[in-house]
Every structure is written in C-alpha cells, then in structure tokens.
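Visitor: I would like to learn how to read a model like this one. Where do we begin?

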Amino acid sequence: MKIPIPWKKSQRLLKMALLGASFGAGVFTGCAMVPQVEREYLSDPVMLRQEDALEGALEGHDFPRREGSVGGSSGSGGGCGC
Amino acid sequence: MLKSFLHSGTRVRRAGRFLGTTVLALLLQTPSLVQAAGAGNTLAFKHEYFWDRNGVWNHTPAFSFNWALSRKWSFNWEQEVDVVTGASRMLGADKVGPFGDRKLDAVSGASKVETRHSENPGIVYSHKGVVAGASFYHSREPDYFSLAPAASLAWDFNERNTTLGVSWAQFFDDYRPFGAYSGQGGKKRIRSLGATLAQSVTPLTLLGLTGSYISSWGYLGRPYNPPVDINGVIMIESVPDRRTALAVAGQIVQGYHLGEKLGSMNLDVRRFQDTWGIRSTTADVKISQYFAEGAFFRIRGRYYNQTGALFAKEAYSGAEKYHTADIRFFPFSSWLVGAKLSTAFPESWGEFMLLPDRWDIKYDHVIRNTRGDPVGSVDGRPPRVLYQLYGPDEYYLQGTLMLGLVFNL
C-alpha cells in the first residue's frame with residue numbers, strides 16, 4: 001500500500017520559496033545601504049535570535065525529541081537519549 | 001551617548017566583525033560552528049534539567065570550547081552528555097529483578113535509565129566577508145549510533161548588507177533497539193540542505209528568509225511504544241522508509257532603545273511540510289532588553305501546531321500497512337513561555353583566568369494539548385494508547401531549566 005503523498009503542495013511550497021528568495025535577492029540588493037559603522041547593533045547579543053550556541057544545540061534536541069514537534073526545527077538525526 | 005550605549009554590550013559581544021557571521025548564527029541550524037568564527041577563546045558550560053508530566057527527567061551537562069587558531073581560522077568543540085530516565089514509560093514492574101529492573105522496562109524492553117554522549121568538533125574559516133565551516137558530529141547511546149559531517153558557507157555582498165548562506169549535513173545513524181524489539185531497527189540516513197538570505201535594512205533592522213530540504217530514508221520508526229489494534233492487541237510499529245520534508249522560515253529582528261539601553265524584538269515564523277502528511281506552523285517571538293551594563297533579560301513565546309501523519313490512528317484494524325503510536329506523528333498544538341537572564345560577573349574577575357566572566361539562567365515551560373490516556377475501555381472499545389501517563393482530563397506539560405557559565409580565556 002502506498003500512502004497518498006501531498007507532494008504537489010510541497011512542490012508548490014518549494015516554488016514559492018524559490019520565488020520568494022529570488023524576489024528577496026532582487027529587493028535586498030537594491031536596499032538602502034547601512035554603513036558598516038552603523039551595523040554594530042546588529043551583532044549585539046540582544047539582537048541575535050540565538051546568541052548562545054550551546055543553548056541552541058541543546059534546544060535543537062529538545063523540541064523534536066521531548067516535545068515531539070517534528071516540524072519545529074531541523075534536528076532529526078543523532079539519537080534521542082531514550 | 002552612543003559610546004556608553006555600545007559599552008553596555010561590550011563584555012558579551014562575540015560576533016560582529018562580519019555580517020555573514022552574525023546572520024548565519026542567527027539563521028542557520030548550526031550556530032555553534034558559525035559563531036565560533038566571531039568568538040575569541042571561550043569555554044562555556046551548561047547544565048540542562050528537563051522534566052515532564054510523564055515522569056521523564058533528563059540531566060544534560062554540556063560544554064563548548066572555541067579557540068581562535070589565527071585571525072582567519074578557529075576551532076570549536078561541543079560536548080553533551082545526557083542522563084535520561086523514563087524515556088520508555090514505566091509500564092512494567094519497578095525495582096524488581098537482579099538489576100532492580102533499572103536496566104530494561106519489563107514491557108517495552110527499553111532502558112529506563114540511559115546515558116548518551118555527543119561530540120561535535122568543527123573548524124571555521126572567515127575572511128573578508130566569507131565564512132566557511134565544517135564539523136563532524138558523533139553521538140552514541142546504548143541502542144543508537146550517529147555520525148554526521150556538516151558544512152556551511154556564507155558570503156556577504158552589497159557592501160556587506162546582504163548575506164547568502166548555504167548549509168549541508170548528512171547523518172549516518174544506526175538504531176539497534178533492545179529487549180523485545182531487538183529484531184527491529186536498522187540504519188537511517190538523513191540529508192539536509194539549507195539556504196539563507198538575509199539583509200540589514202536599517203542599523204536596527206534585519207530581515208531573513210531560510211529554506212530547508214530534509215530527506216530521510218531507512219528505518220525511521222521508534223518501536224518502544226507499540227500501537228494497538230481495535231481489540232487492544234499490541235502490534236509492531238511500522239512506518240514508511242522514506243520521508244522528505246520542506247521548510248520555509250521568515251525572520252525579522254527589530255532593535256529599539258529603551259532610554260540608552262538596547263533591546264530587540266525577534267520574530268521567526270516557520271512552515272513545514274513532509275511526505276507523510278505532517279504540516280506544521282511555528283511562530284516564535286523573543287524580546288530581549290539590556291537593563292544594566294552587560295546584563296540583559298529575554299522573554300519568549302512560541303506557538304507550534306502540527307497535523308498528524310496520514311497513517312496515524314489511535315487504534316488500528318490490523319489491515320493497515322503502517323501503524324504507529326508515536327506522539328510525534330499525531331496532531332497537536334503547543335505553547336511555550338520562557339525567560340532568560342544573562343549577566344556579567346564583576347569586570348575585575350576577568351583578570352583571573354579561572355573565574356567565569358558571565359552566567360545565565362533560563363527556564364522554558366511548555367504545554368501541549370494532548371491529554372493523558374484513559375485508564376479503562378471507552379464505550380466498550382479498548383483504551384487509547386499513546387503512552388501519555390497522566391489523567392485524561394489533563395494536558396501534557398514539560399519544563400526545561402538551563403544554567404550556564406562562560407569563561408573568556
């Protein structure tokens with residue numbers, strides 16, 4: 001038995017992502033420049049989504065393996081400690 | 001004013017020479033590798049304590065070590081050790097038998113208390129807006145073995161206002177279940193590809209778009225919590241041996257000033273879909289704020305929702321090809337709220353190499369809308385078995401406490 005696969009939707013999603021990336025690349029490269037001296041804030045820890053790499057690695061294990069959210073992060077290999 | 005404002009983050013600023021370093025750390029799935037490019041020599045320790053309503057607890061001590069080999073090259077080592085119990089639910093007798101029944105669960109055959117360790121060395125090259133990294137992950141636990149090489153590359157252009165990054169990882173995993181399920185298991189392969197585009201729009205605004213492609217094949221199940229048929233008879237888990245997933249995520253980081261102190265709002269929205277029929281949406285918001293020199297707090301809210309796999313049922317007729325009771329393949333929603341505090345120790349401590357420079361504490365609380373399994377039969381049918389060992393009128397809960405210390409060497 002073959003399970004039905006909603007693959008067409010996924011293909012549509014991929015096409016949308018590629019379109020979005022292409023559009024984004026076009027728009028981004030035309031964006032107003034932020035001078036280098038003014039980009040200091042962007043690398044500050046409070047501006048980073050995950051300023052702590054080790055914390056990020058531990059969270060990457062927790063979500064799919066403990067909470068069960070298989071789609072919430074990319075971490076799906078490497079065992080589960082279970 | 002600007003100088004004092006910048007100084008508020010001086011002791012914790014690690015990345016930042018290249019936007020590529022910052023952006024990849026923000027957006028890619030292997031931040032440790034990329035952050036190593038912007039870090040000095042640091043040693044960080046973490047201890048994570050996890051608990052949930054099923055009686056599972058998990059202690060995970062971990063450390064990471066970043067060493068700048070030269071201006072262009074740096075080395076990174078990440079180490080974790082898990083000590084977990086209740087990974088297999090306590091279905092059988094407890095504290096009986098020659099090992100006090102601590103080694104194997106009497107019904108599922110899975111280990112009750114288990115240790116796992118993982119190592120992830122990596123090397124990073126960064127020069128003139130190009131950041132390239134490679135790592136080699138290894139993990140081992142009694143019934144599972146994993147090796148995973150990974151690589152990422154990012155380069156800045158548009159006067160370093162735009163970053164394009166790509167990443168690749170391949171897992172070579174081997175699952176050898178214990179006890180009653182020792183005949184199952186097998187090799188598993190996972191290949192993931194990612195691409196990220198990010199743009200600084202203003203001195204306080206960053207936009208990002210990430211796409212991921214994940215392909216898995218081989219033995220993709222987890223047999224310890226077997227499904228049951230409509231008569232209550234335990235079945236052997238069976239899931240397809242191929243799975244492909246796509247995910248797209250958009251990010252926006254918006255900084256602001258509260259007085260002279262820097263703060264930010266960080267929003268991440270992710271859509272995921274795979275060939276088993278699971279679709280999910282994640283919305284994750286983090287608000288961070290400096291409140292003193294080198295000290296900031298962060299509050300977080302996350303919503304997650306997924307549909308179930310097309311073949312997942314609570315009870316099976318026996319005619320189906322695929323059957324599973326793994327909660328990961330069933331529909332649910334969850335909410336997370338969390339808080340983090342990170343501060344520097346007195347600056348004078350930095351003169352002594354053996355004293356830490358920073359510490360942090362974090363707690364995340366999750367509620368998931370899956371209820372516990374009913375104890376008896378319902379309407380003459382056997383009880384639903386999803387291995388959620390709390391009341392049928394209660395929701396699943398979990399908590400994660402993390403403590404950290406950072407040494408700047």
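Predicted model: local features only at pLDDT ≥ 70, side-chain atom pairs only at ≥ 80, totals over all residues.

Visitor: What pLDDT does chain B average?

Guide: The average is 83, and 82% of the residues of chain B score at least 70. Residues 1–18 of chain B have pLDDT below 50, with 46 contacts in the model beyond near neighbours in sequence. For the complex, the predictor gives an ipTM of 0.82 and a pTM of 0.85.

Visitor: Now strands. What is the general idea?

Guide: In a regular strand, side chains alternate between the two faces of the sheet.

Visitor: In which sense do strand 1 and strand 2 of chain B pair?

Guide: Antiparallel, over ten bridges. Strand 1 covers residues 42–52 and strand 2 covers residues 57–68. His47(B) stands opposite Pro61(B) of strand 2. Four residues lie between the strands of this hairpin, and Gly55(B) takes a positive phi near 85°.

Visitor: Where does Pro331(B) lie?

Guide: In the loop between strand 13 (295–306) and strand 14 (332–344) of chain B. Gln306(B) is 25 residues away from Pro331(B) in sequence, yet 5.4 Å away in space, C-alpha to C-alpha. Pro331(B) also touches Thr307(B) and Gly308(B).

Visitor: Why does Pro331(B) count as partly exposed?

Guide: Because 15 other C-beta atoms lie within 10 Å of Pro331(B). Buried would need 20 or more, exposed 12 or fewer.

Visitor: And chain A?

Guide: Two helices, zero strands. Of its 82 residues, 51% count as buried.

Conventions
Residues numbered from 1 in each chain as written. Chains lettered and ligands numbered in written order. Contact = placed C-beta atoms within 7 Å. Pairing = 2+ DSSP bridges. pLDDT = per-residue confidence, 0-100. Lists of a residue's contacts leave out its neighbours within four places in sequence.
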